[in-house]
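Hi there,

Here is the structure I promised to pass on. Have a look at it first, and then read my notes below.

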Amino acid sequence: MNDQRSAAGAAAVAVPEAVAAPGGASGGPTGPRGRGAALAPIALVVASGLSVQFGSAVAVLLMPRAGALGVVTLRLVVAAVVMLIVCRPKVRGYSRADWGTVVAFGLAMGGMNTLFYQAADRIPLGAAVTLEVLGPLVLSVVASRRLVNVVWAGLALGGVVLLGGGGLDRLDPVGAACALGAGALWATYIVFSARTGRRFPQADGLALALAVAALLVLPLGLIESGPKLVVPATLGLGSLVALLSSVLPYTLEFMALRRLPAPTFAILMSLEPAIAALAGFLVLDQALSTTDALAIALVIGASMGAVRSQARRVKARERT
């Protein structure tokens, strides 16, 4: 790794290791530094959610210009170019299993984005995210061996269903099916993101996976939108969507999954409908009802419970 890459790539995506110092106030397990180490990956997930959902709101505004497939193509292609330039990942020295993992990660990423934007083109953004987040919630229940995670996932699921307003049966069936498919691929994305992080240094695996995802969707975007993709205004908005919805959140999630168990990460994904509702209100002028506010409170409560559980587990490990 050369010095320029160390300065640019490592500064952007390196994950600092938590250092447990003895003593409470001096930064031990019971002090501020111990709590900070436990909460740091959770803060990364929350920041990722804010970025991706506000990026999705911008993408909805862009769809009339470029189409759903055109938007996802701009998002992934621009993101892949940026990450490849920043990370400059090496392509030699990896095993067949390493490449299989990163290809699976890229395919899950590309499929998840393609299906989600097809859903957002047919049903409201909040409903699309509500259905999509069921994938991570199911993963949290299946993967977790602790009853408390099942409880938090159940509470979050209740909030997600309430946020749907009980009217999901009236949605466009193709859009609803696309959102559910995106949720299944989101769960797959979580699993392979963690595996890729263990096999590749820094964000090299993420950059390579983004390249795979971009190659997957590029022909679809060219067929649907063609020359519309290079119109300056469209390209500019597409680049903004790529930054908000891919480069920044995927990097943050990639960092978080190095230090956060997949079940806890999946439960924290239940914040996404609440963040999407906020983005829809601020960017798309979609008003929030009392029921929506109650649903958001349930989802946030479940996520806070997951946060506290994770913090306790970190403290317990540091004490042993």
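Please keep in mind that this is a predicted model.

Leu125, Val129 and Thr130 in α4 meet Glu272, Pro273 and Ala276 in α11. Sorted by class, this contact of α4 with α11 has four nonpolar residues, one polar and one charged. Helix α4 covers residues 125-132 and helix α11 covers residues 271-283; the two pack at an angle of about 175°, and their axes are 8 Å apart. An angle over 145 degrees counts as roughly antiparallel, so α4 and α11 are roughly antiparallel to each other.

Helix α4 also packs against helix α7 (residues 173-199), here at an angle of about 45° and with the axes 7 Å apart. That makes α4 oblique to α7, and the crossing in which α4 passes α7 is right-handed. On the α4 side, the contact is made by Ala128, Leu131 and Glu132; on the α7 side, by Ala176, Ala179, Leu180, Ala182, Gly183 and Trp186. The residues of this contact of α4 with α7 divide into seven nonpolar, one polar and one charged.

Next comes helix α3, which runs over residues 96-120 and holds valine 103. Leaving aside residues up to four places away in sequence, aspartate 98 touches Arg199 and Phe200.

Valine 103 has a relative accessibility of 34%, so it counts as partly exposed. If you follow the chain from valine 103 to leucine 208, they are 105 residues apart in sequence, yet their C-alpha atoms are 8.1 Å apart in space.

With 37% relative accessibility, arginine 88 counts as partly exposed.

Best wishes

Technical notes: Residues numbered from 1 in each chain as written. Predicted model: local features only at pLDDT ≥ 70, side-chain atom pairs only at ≥ 80, totals over all residues. Heavy atoms only, no water. Helix = DSSP H or I, 4+ residues; strand = E, 2+ residues; numbered from the N terminus. Buried < 20%, exposed > 50% of the residue type's maximum accessible area, 1.4 Å probe, protein only. Axes fitted to C-alpha atoms, helices over the stretch in contact; angles between N-to-C directions. Parallel < 35°, antiparallel > 145°, perpendicular 65-115°, else oblique. Contact = heavy atoms within 4.5 Å. Nonpolar A, V, L, I, M, F, W, Y, C, P; charged D, E, K, R; others polar. Left-handed = near helix turned anticlockwise from the far one by under 90°.
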